Amino acid sequence: MSASFGPVARVALLSPHFAALSYALPGYLPDGAFFVGQRVAVPLSKGLRVGLITAFAERDAGAEYALKSVLWPLDRERLLPEACLEIAVELARRQGDQVGRILAGMLPAGLRASQMRIRFFGQGRPCEKRLKDLAALSVEELADLGRLWTAGRVDIRRSGKNPLDAEVCLLASDPPWPVRPAALAQSAMLEYLLEHGPRTRRKLGEALGPGAPATIATLARRGLVLLRPADAFEPESLNAGQDDAAGTPPPAPAFPAILEDDGAAFVLTPEQRAVFTPLSDALKSDKAETRLLYGITGSGKTAVYLELARECLSLGKSVLLLAPEVALAMKLRADANVLPQTLIPETRRLLFHGYQSPNAREAAFRALCVKDTGPWLVTGTRSALLLPLSNIGLIVLDEEHDASFKQDEGLTYQAKEVAWFRAGREGALLLLGSATPDVKSFYAARQGLIPLHTLDRRVGGGALPTVELVPLSKESGSDVPLAPESMAALQDAVSRGEQAVILLNRRGYAPLMYCLSCNAVTKCPDCDIALAYHKGRERLVCHYCGWSTPYPSPCSGCGSLRFLPMGEGTEKLEEGLGAHLPPGTGVLRLDRDSTRRTGRMEEILSAFARKEASVLVGTQMLSKGHHFPDVTLAIVADADLGLNLPDYRAAERTFQLLVQSAGRAGRGLKPGRVLIQTRDPGHYCWRYVKNADYQGFFEREIALRRQRGYPPFVRLALIRISHDMRRDNGPEAVMALGASLRKTAGTLGVTLLGPAPAPLPFLKGRRRWHCLLKGTDWPPLRALYAEAQRLNANGFLRLGLDLDPVNML
């Protein structure tokens, strides 16, 4: 169906190839039926696609071409508010990408689907049509249905669900599982669920083949998996928060509350009150403000956040409380939920993050689209910034320095930039908080661009823990990666009934598996990276693409079964501690592997908070945000990990990780002690870590960056290039692209380094290259990337632009 005149809708497609196309508005519906931010069904080639209207324009009356018409609207009210649409347009501009691809990353999967049914209520029985049925109707028939739409006698719903989507399958226990080695299908399904989380029967069938239903039945009968209704299923730890709004009491937090017992109000210390007062004034000013809260570990930054949130909600404005990781977001939510609903009765509360089920994310998205629901208190991770939340008064980014606030896969964005954009659009207060701020944020504060607020004393007057360096010998001779001094301190703390945390930022049992026959390390066939041994799963696993193989298996090089696990991971540390601690001493592990099963993260943290275990071993998941008053000892088992990575932020990240980890000790009445194990005790970083001297570290780091030309003194971008590793002419094409870009870079005033092989040169079957760009402003960097896209018009190479990259690997 086509039209030759009238208004034109600019529609961004929400599926590949994500183009922005122009469509005429159909004559069988009034123009008022269409609006910006609305989903519509549009014809494309011989099919139908779902798109979103981004703008309208008047068509030139003299144009000699005909436009196809929009088939039908899919929303009666605006789905995406103007602020979210502006974010999508800005991100597309920054990334040199299609607006449709950005919108597809923002919208839950169910809102991008084209399997819709429209039910029309006329004089007789209701008439239900699929979208493709509408495309076959005549103009006259569509006009009749259009009159029903105008009268509001229409209901839009998703097409009937596939019966295989009605149930969700999830793990009932952690590995190792009692499965025979020959039961390959059962092992494959259990591994898939462990790696990907709960999945519907349909998803499991698509991933594992036609034998999946029989395997599910067998595993369910043996009690190794659980089946739950999909509509009712939402893991307790991933609850979207709708029950809170409906009046169900929130779960008790696993940690001591920061409110008075009666919940009447926050009790701020004089120092916290001195910080809160100017922040409160900024909140009430109705002007966009960005502030940095620098507070040492244990200084009570969370209490300031929540007192500001209470005040913002009382003003009738919504609040976004964001953390870099799900565990920290859940702790923020637990702290916020201690605030009685009776104090702010109109507030609705919601938890949102990327690990929730598609149904929960869509329900949250739709709930926020409803007008006049009063203020919302939304807690979550970076993706919550893309929700259609309106009337925002306060945005808090806790642990603002954390690299997890940058998403560098799929929809690429920096949460701090999106938060700044939203705060500016809403006239809100953006508060960045950290004990170890991003060097760039602190530099901006030093330059007077961001007002700085400081908390330099722990609540209750407690002192920061003492920090000691423990040199590691080349050969420890121990089955655990702890020096004798560290082990003695651990045994002493446990004997006194105190608790300890041990950080080892390497998961699994051993990072390498060495063949004793051919002297080769087992590697991933798709990534050419060493496979890590996971003893509980009895598998060798690639930590980059997820490929795995059973262990033991014959060596791919020589067929031998003689292997030696090399190095230590958290799993081996947890196992080895049992031989060195008194019998019955509880040891828990917190890492990505131990928390895969639904609800397991809360179980571990709650058990440790209840002192069911004396020692908690983990990766960087336990380094920040958690409050355990009885922890008096923190040990960093291998502080050198990450210090020498090919990344200009390596020292900064190590400093932040260790200061945050040290902050877990001595948060109660007892003094804390921190032991940092290192093979390089002379490194300059340790001097500042020992004294928790952030400002001293900042001065040293900013001088190095000024000297070497790194942010904040330049703009940095990374063009990521990859091609199929089986293509012999791939490197030649990369070098040719680089030679052409160097010519253009000079005219744009951009310094181009590379292309060079990426530090991880092979991933997921692709060979990877990096081009590092340095410039004085962003537009020239984007222009050079646009030139790269033009030169790669045939798509032989896969290109991606990462502005201000945080992952240099």
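**View 1. L561, out on the surface.** L561 counts as exposed, since its relative accessible area is 53% (exposed means over 50%, buried under 20% and partly exposed in between, with a 1.4 Å probe and protein chains only). This is a predicted model, so local features need pLDDT of at least 70 and side-chain atom pairs count only at pLDDT 80 or more, while totals for chains, interfaces and linings use all residues. Residues are numbered from 1 along each chain as its sequence is written, and side-chain values use heavy atoms, with hydrogens and water left out. L561 sits in the loop between β28 (548-550) and β29 (563-566); helices (H or I, at least four residues) and strands (E, at least two) are DSSP runs, numbered from the N terminus. Setting aside residues up to four places away in sequence, L561 touches P552, S553 and P554, where contact means heavy atoms within 4.5 Å.

**View 2. Two cis peptide bonds.** P552, one of the residues touched by L561, is in the loop between β28 and β29. The bond that joins Y551 to P552 is cis, with omega about 5°. Another cis bond runs from P711 to P712, and its omega is near 15°. P712 belongs to the loop between α20 (694-708) and β34 (715-724). As background, most residues other than glycine have a negative phi, and most peptide bonds are trans.

View 3. N519 is exposed, with a relative accessible area of 52%. D528 lies in the loop between β25 and β26 too, and its phi is also positive, near 55°. At a relative accessible area of 40%, D528 is partly exposed.

**View 4. Helix α17 and what it packs on.** Helix α17 covers residues 600-609, and its buried residues are M601, I604, L605, S606, A607 and F608. Remember that an α-helix has 3.6 residues a turn, so residues three or four places apart point the same way. The buried residues of α17 pack against α11 (326-337) plus the strands β24 (499-503), β30 (587-590), β31 (615-618) and β32 (631-636). After the helix comes K611, with a positive phi near 65°.

View 5. Ignoring neighbours within four places in sequence, F442 is in contact with L292, Y294, P437, L452, Y694, Q695 and F698. The C-alpha atoms of F442 and L797 are 38 Å apart, and the two residues are 355 apart along the chain.

**View 6. C771 in strand β36.** C771 is placed in β36 (residues 766-775) and is buried, with a relative accessible area of 0%. Leaving out neighbours within four places in sequence, the contacts of C771 are A717, L718, I719, I721, L752, L753, G754 and P755. C771 and A530 are 241 residues apart along the chain, and their C-alpha atoms are separated by 25 Å.

**View 7. L320 and the nonpolar cores.** The largest nonpolar core has 122 residues, and W72, L103, L134, L320 and I395 have the most contacts inside it. Such a core is a set of buried Ala, Val, Leu, Ile, Met, Phe, Trp, Tyr and Cys residues joined through side-chain atoms within 4.5 Å. Not counting residues up to four places away in sequence, L320 touches V378, A384, L385, L389, I392, L394, I395 and V396. A second, separate core of 28 residues includes A282, L293, L306 and L394. In soluble globular proteins, nonpolar side chains tend to be buried together.

**View 8. Zooming out to the whole chain.** The protein has 22 helices and 37 strands, and 53% of its 809 residues count as buried. Its C-alpha trace spans about 85 × 70 × 65 Å along the principal axes. Of the contacts between residues at least 6 apart in sequence, 75% join residues at least 24 apart.
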